[in-house]
Amino acid sequence: MNNDYRNTEYCPVLTEIKEKKKKLHDDILQKHPRQKNMYNKIKSRDNEFNKRFVQIYNCKCAYCGVSMDILPATLFEVDHYIAESLFDDKNKAGEIENLVLSCYQCNRNKKALVISDKYVKQLNTDNGKITEVFYRDDKYYIRINKSFQNDKKIEEFYEKLKLFHQSHRIDYLLLSMNGLHSKIEDKNKKEKLAEAILLLQKKRNMFNV
């Protein structure tokens, strides 16, 4: 099983996220020197900065790992890792270090969840620490690692984002099947797998309502 629960064996590894975000931040300031809130420049899906931000996360939700290959781009948002409502200064909340790519489901479920103290680093999606907390079991469900079980704050995060949900299991299966489909050369096997992907995608679409 892949060490990063968000990735299948076919998914590209997330690399140099902080460095890439810093470069994006600098490029935004080069074009907009007075810009104080990076969120306001990145949130709109139809601009170049949003597209670059999405690419930094390999077009995948930083929390659950669902890809834009599975869900339409309209179901992805720029999320404030530490909720904007917890800041006195919205410009601080909108700093690029506090922004992550999230699917609609994770973003809406998370809402104003308070992430404090050591958990700010432990649940951070950019430094890889969150992959120490969660894993995929042999049925592809996201689970809490043994060393973090009975940790109330971790359990709250897990429950709030509904990482246990069936939809995340289907997303992982679809990502795996899509990856395998791209590797198969046998035409007959490729067509059969495509049919299976289509059926599973229809089931997944039931959760998009």
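Reader: As what does Tyr140 count at 31% relative accessibility: buried, exposed or partly exposed?
Author: In this predicted model, with residues numbered from 1 along each chain as its sequence is written, local features need pLDDT of at least 70 and side-chain atom pairs 80 or more, while totals for chains, interfaces and linings use all residues. Side-chain values use heavy atoms, leaving out hydrogens and water. Buried means under 20% relative accessible area and exposed over 50% (1.4 Å probe, protein chains only). At 31%, Tyr140 therefore counts as partly exposed.

Reader: How many aromatic pairs are there?
Author: Rings of Phe, Tyr and Trp (its six-membered ring) pair if their centres lie within 6.5 Å; planes under 30 degrees apart are stacked, over 60 edge-to-face and the rest tilted. By this rule, the number of aromatic pairs is 7.

Reader: How many residues apart in sequence are the parts that Phe134 and Phe157 tie together?
Author: Phe134 and Phe157 are stacked, at 6.1 Å centre to centre with 20° between the planes. Both residues are buried. Because Phe134 lies in strand β3 (residues 134-136) and Phe157 in helix α8 (residues 152-160), the separation in residues is 23.

Reader: Which residues do ring pairs link into a cluster?
Author: Phe134 and Phe157, the buried residues named above, belong to this cluster. Its members are Tyr5, Tyr63, Phe134, Phe157, Tyr158 and Phe164.

Methods
Helices (H or I, at least four residues) and strands (E, at least two) are DSSP runs, numbered from the N terminus.
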